[in-house]
Amino acid sequence: MEYNFREIEAKWRQFWAENQTFKAEDNSEKPKYYVLDMFPYPSGAGLHVGHPLGYIASDIFARYKRLQGFNVLHPMGYDSFGLPAEQYAIQTGQHPDKTTKENIARYREQLDKIGFSFDWSREVRTSSPEYYKWTQWIFTQLFDCWYNNKTQQAERISELELIFASVGNTVVDATTDCEETFNAETWNGFDHEKKEAILQQYRLAYLADSWVNWCPALGTVLANDEVINGVSERGGHPVEQKKMRQWSMRIKAYAERLITGLDGLDWTDSIKDQQRNWIGKSQGCSVCFPLWRGTEGEEMLEINESIEVFTTRPDTIFGVSFLVLAPEHPLVAKLTTEDKREAVENYVKASSLKTERDRQANVKNISGEFIGSYAVHPFTGEKVQLWIGDYVLASYGTGAVMAVPCGDQRDWDFANHFGLEIKNIFENIDISEAAYTEKEGKIADSGFLTGLTVKEAMKAAIEAIEAKELGKGKTNYRLRDAVFSRQRYWGEPFPVYYKNGKPHMIDARYMPIILPEVEKYLPTEDGQPPLGNAPVWAWDTVDNQIVDNVNIDHETVFPMELNTMPGWAGSSWYFLRYMDPHNEQEFVSKEKVDYWKNVDLYIGGSEHATGHLLYARFWTKFLYDLGFIGFDEPFQKMINQGMILGRSSLVYKLHYSKLNTQSTDNLKSIFISKSLFEKIGDSKNPLRQITNETIINFIADKNNTSPNEINPLFITNELHVDISIVDNDKLDIEAFKNSREEYKNAEFIYEDDGTYICGSEVEKMSKSKFNVQTPDELVEKFGADTLRMYEMFLGPLEQSKPWDTKGINGVHNFLRKFWRLFHDQTGNLLISDEAPSKDSLKTLHKTIQKISIDLERFSFNTGVSNFMIAVNELGEQKCNNRAILKDLLIMLSPYAPHISEELWVKLGYEAGSINVAPFPTFNPDYLVESAFSYPISFNGKVRFSVELPADMSKEDAEAHVLGLEKTQHYLEGKAPKKMIVVPGRIVNIVL
RNA sequence: GCCCAGGUGGCGGAAUUGGUAGACGCGCUGGAUUCAAAAUCCAGUACUGCAAGGUGUGCGGGUUCGAUUCCCGCCCUGGGUACCA
């Protein structure tokens, strides 16, 4: 019987599904292991070969862990809220729920074909009410908490209210936007509304007017990580800064823990660094520069009003020659003198109109205005000018900087541009061409700091600043709070209603708050989010249910929140839900989360470094603070699979006309093969005359005319052709002609061997480039086991690589060879129960060792190689011993589960039991060799090798090698200076 | 600019701690089998040279008996990020 993968794979897929082979037990004596894939967004395009790459790797590992005796949790689900389904709904009127469900069905079908060992009984979908009920609940928990910097954790708002009522807020060290201070008496005197307004400034989920990234084309706000280079990540639309009342998450509170937590994680440095940079911790201190209140020569006045700046270089304070404020700084209007007012106001207005992108695009244009007022240098008493400039950001630090041109390039450029003073406070450093930004060397001309090193000066400066009460050491973070509202339909509704304009949480008992039906998915005419179209979207506080909007009386029935939650809400905690997916009482039971704990291995793309991965860590830490879960990092080890790029095929189309026919209507065209294109092609200059003889003669011949009649020749750009009609770069001419009406009579200039060779390009897979490779056709043609092994064989998991099916035959052949090991020439099972040969045992144990090591270091590509080597060796040995093949089958089963199951049962073992069979143990005794072939090198260059007994002593080996004729030949009569013998490795002779 | 990852045959890629560079697969060349093809099997395949030999892991140095591996300085590619004071 031949290796009939179609039959075999269908059979085992069905068996696994019917027997729930991969169902994970919640109560097991076995140790647990949690392997998770980043769940996909079910897009309309379906899976392409890039998707399964990570899933195959995690599946292999999950199966390996089962063989090692672990109770493995390996679930899958869908991140099913999102923009594309909504855009599609706007265009077609189809309910996003419908298209989403269809897409999920297609994904499932594709996933099933690849033979994953997912426990589908635990599937989650972020868009199902049973799931988002708990996303809503977590939101209300965040609303109900504040962050206590003293205890470094989230605490309940009710406790904060008690503190306020007894001692006010001055002793509270919280992460807050509240700048007001009050004592208990004042607090107790506040009315309810005022109290709530203050509490909003402490809540971890809060409603506030803040500058947000507004994307007009998408009609919604975006989080910082959704904006790339000033345009939206999705669609590349421009983004503006807009002040809007929005829900936000106080992720800033967790900045420090998000940084320190990285140390204990087994993630790549690259991802950790990206997160560290994104959080952007910088240490320095704040310094107050008192305002100059007098005329020239007058003494400085009391420090009752001042400009506060933040600096990371307090050591350079004597180098300050001016201050720069952000144009939006609140004191600008007040401090602008009359003679400067017009220029300043124009400048402020101009910068407020700039979009984020404009501001970034014109980094090199230095601009600013002197506002006419001065501050006083707190140590020298000198007058320093006050400027505004849009290189200073209102939202970072204090919105003002002390400019030290000698130590900061931007300040240097600014000073240079406006002809301001550049003081040098560095010993023996030339700053005439550029600022000196190294934190090394000694400080000069700096009062009490003179002669100190930068480090010492830093410390001394902060001490002096603190002593004079001008400011204090401070840590700043670049991380901004995350906007949590989206003006979209297809997302989680907020469990919120508004009473007197203040948000109120709907009690958890009444969740889920189900997404209402709407007529249209577009914003309303008066600019409200799509939920503004919902006719039944009001909260009845008496009956505790959603009622028709006509009932809104602002007494007992109130309007509900019209925004929905962002995409990252549902994905920030989904890994917890898999542990207890059907629990209706809690988001996850304590018992189950204590058993499964955090994810042991997480596999997914690195593009989520500053989005999903940061938010999921934030929510995990929050849930940990409240005691719901027992760990504060979600993903212990993570591997980021590389992107699989598509390899597009290109044809080269050339246009021509006969002499005297200048009209472009009569242009004819011809396709030229790759080598000819390479002779004449010029991608920078696609439209020009061609003088190549081969082409001109060919065309003349085709048109029964003389070459002189053929005149202007133009080459167009390269055209993508469908990769399905190209084999090994050779174009299937017939298929090409049939692919489009316009190609029906196409003419070609071939290569010398009569074939048409296409060009190629490696780029992202996309429909428009005709280079999308779906797994389905490959599974159909070669089987899932071949696809699984081939995707792994392609190269290291983490690396990006072009997809190329050229090598897939090699892997498929391997599986056929493997199959043949078990059968005789006529295809009948032929297994020997005799004791295996020494060679076969050696091959087996070498393989056990290598496969284990490769799995432990996630080197799946070398794993496949090692199976190939083993099968090649066993084939040569004509080994068909049960003892050998059984162990080999177990090892192969994570990679190629279908064929392994089939042969396992053919060997007479119970169906399904291979999935929990013990992974074979390595016995080094089988690898012991009696002799070793030593490479003999001279000055490090290997010349020949010689077989020596493995237990030969260094001295004996040395003498033996020296006595060899070949050695004498290379010594050329000289005596060796030195001889190095590394037992079991090498012999090196130094001449 | 800054941070991170990477640079090895015609191609994808191997090479645990410094110890025979190019495993494994693809492709290519030749051969066997076949009426022929597919499939299968065998041999060869870094470059250069008729050969002995020489040269080779982005480039230039260094450490070492010995460097793809360690150190210093550059170049290139990919990713991230950017007036963050």
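Predicted model: local features only at pLDDT ≥ 70, side-chain atom pairs only at ≥ 80, totals over all residues.

Me: What makes alanine 415 count as buried?

Reply: Its relative accessibility is 0%, and buried means under 20%, so alanine 415 falls in that class. Alanine 415 is found in helix H14. For the chain as a whole, 51% of the 991 residues of chain A count as buried.

Me: How do you know what alanine 415 touches?

Reply: Contact means heavy atoms within 4.5 Å. Leaving out residues up to four places away in sequence, alanine 415 touches Phe322, Pro405, Leu420, Glu421 and Ile422. Take proline 405: it is 10 residues from alanine 415 in sequence, with 6.4 Å between the two C-alpha atoms.

Me: Where does helix H14 lie?

Reply: Helix H14 (residues 409-418) lies across E12, E14 and E15, and runs at about 105° to E12. Helix H12 (residues 341-353) lies across E13 and E14, at about 105° to E13.

Me: Those strands belong to a sheet in the order E13-E14-E12-E15. Why do strand E13 and strand E15 stand at the edges?

Reply: The sheet is an open one of 4 strands with mixed pairing. Strand E13 (369-376) and strand E15 (400-403) each have a single partner strand, so one side of each is left without a neighbour in the sheet. On average, neighbouring strands here are turned by 30° against each other, direction ignored.

Me: How do you know that strand E12 and strand E14 pair?

Reply: Two strands pair if there are at least two bridges between them. Strand E12 (residues 322-325) and strand E14 (residues 383-388) have 4 bridges, in the parallel sense, so by that cut-off they pair. Leucine 323 stands opposite leucine 386 in E14.

Me: What makes E3 and E4 a pair, and in which sense do they run?

Reply: The cut-off is again at least two bridges. E3 and strand E4 (residues 153-156) are joined by 4 bridges and run antiparallel, so they pass. Cysteine 145 stands opposite arginine 156 in E4. The hairpin of E3 and E4 has 4 residues between the strands, and glutamine 152 takes a positive phi near 55° there. Along strand E3 (residues 145-148), Cys145 and Tyr147 point one way, Trp146 and Asn148 the other way, and all are buried.

Me: Why is the approach of tyrosine 396 to RNA strand B called a polar contact?

Reply: A polar contact is a pair of N or O atoms within 3.5 Å. A polar side-chain atom of tyrosine 396 lies 2.9 Å from a phosphate oxygen of RNA strand B, so this pair qualifies. For threonine 312, a polar backbone atom is 2.3 Å from a sugar or linking oxygen of the RNA strand. For leucine 794, a backbone N or O atom lies 2.5 Å from a sugar or linking oxygen.

Me: Which part of RNA strand B do the atoms within 4 Å of the protein belong to?

Reply: Of those atoms, 61% belong to sugar or phosphate, and the rest to bases.

How values were computed: Residues numbered from 1 in each chain as written. Chains lettered and ligands numbered in written order. Heavy atoms only, no water. Helix = DSSP H or I, 4+ residues; strand = E, 2+ residues; numbered from the N terminus. Axes fitted to C-alpha atoms, helices over the stretch in contact; angles between N-to-C directions. Near = heavy atom within 4 Å. Polar contact = N/O pair within 3.5 Å; in protein donor to acceptor, adjacent residues only side chain to side chain. Buried < 20%, exposed > 50% of the residue type's maximum accessible area, 1.4 Å probe, protein only.
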